[in-house]
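Me: I should like to learn how to read the features of a structural model. Please take me through this one.

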Amino acid sequence: MYSGHKDIFVNEHTKILPNSPYGDGKAYCHNNSIELNEKYNWDIVSGVVFNHESAFRSKNFLFS
């Protein structure tokens with residue numbers, strides 16, 4: 001959802017700029033949940049999950 005921001009820290013308030021069908025779908029659902037929540041006062045929640053690094057992760061976590 002936040003593909004266009006390579007040089008800045010990204011959080012849930014950063015402008016959404018998807019660059020793939022997957023990102024487009026995530027952005028569409030996220031925006032619709034906010035819209036329905038505001039329009040009908042429905043209890044809808046959309047979570048944004050970011051990858052993160054950990055000091056406990058080994059150096060070859062993804063690539064060995």
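Me: What should helix α1 (residues 21-40) span at 1.5 Å a residue, and how far apart are its end C-alpha atoms?

Reply: This is a predicted model, in which local features need pLDDT of at least 70 and side-chain atom pairs count only at pLDDT 80 or more, while totals for chains, interfaces and linings use all residues. Residues are numbered from 1 along each chain as its sequence is written, and side-chain values use heavy atoms, with hydrogens and water left out. Helices are DSSP runs (H or I, at least four residues), numbered from the N terminus. The expected span is 1.5 Å times one less than the number of residues. For the 20 residues of α1 this gives 28 Å, and the end C-alpha atoms are 28 Å apart, in agreement.

Me: Which residues of α1 are buried?

Reply: Buried means under 20% relative accessible area, exposed over 50%, and partly exposed in between (1.4 Å probe, protein chains only). In α1 the buried residues are Gly 23, Ala 27, His 30 and Ser 33. Seen down the helix axis, they fall within an arc of 125°, so they line one face of α1; the arc is that of the directions from the axis to the C-beta atoms. An α-helix has 3.6 residues a turn, so residues three or four places apart point the same way. The face turned away from the buried side of α1 carries the exposed residues Pro 21, Tyr 28, Cys 29, Glu 35 and Lys 39.

Me: With which side chain does the side chain of His 30 make a polar contact?

Reply: A polar contact is a pair of N or O atoms within 3.5 Å; within protein, one must be able to donate a hydrogen and the other to accept it, and residues adjacent in sequence count only if both atoms are side-chain atoms. The partner of His 30 is the side chain of Ser 46, at 2.7 Å. His 30 has 11% relative accessibility and therefore counts as buried. Beyond its neighbours within four places in sequence, His 30 is in contact (heavy atoms within 4.5 Å) with Met 1, Ile 16, Ser 46 and Val 48.

Me: How many aromatic pairs does a search of the whole structure find?

Reply: A pair of aromatic rings is described by the distance of the centres and the angle of the planes. Rings of Phe, Tyr and Trp (its six-membered ring) pair if their centres lie within 6.5 Å; planes under 30 degrees apart count as stacked, over 60 as edge-to-face and the rest as tilted. The search finds 1 pair. Tyr 40 and Trp 42 form it, stacked at 4.8 Å centre to centre with 20° between the planes.

Notes:
Helix = DSSP H or I, 4+ residues; strand = E, 2+ residues; numbered from the N terminus.
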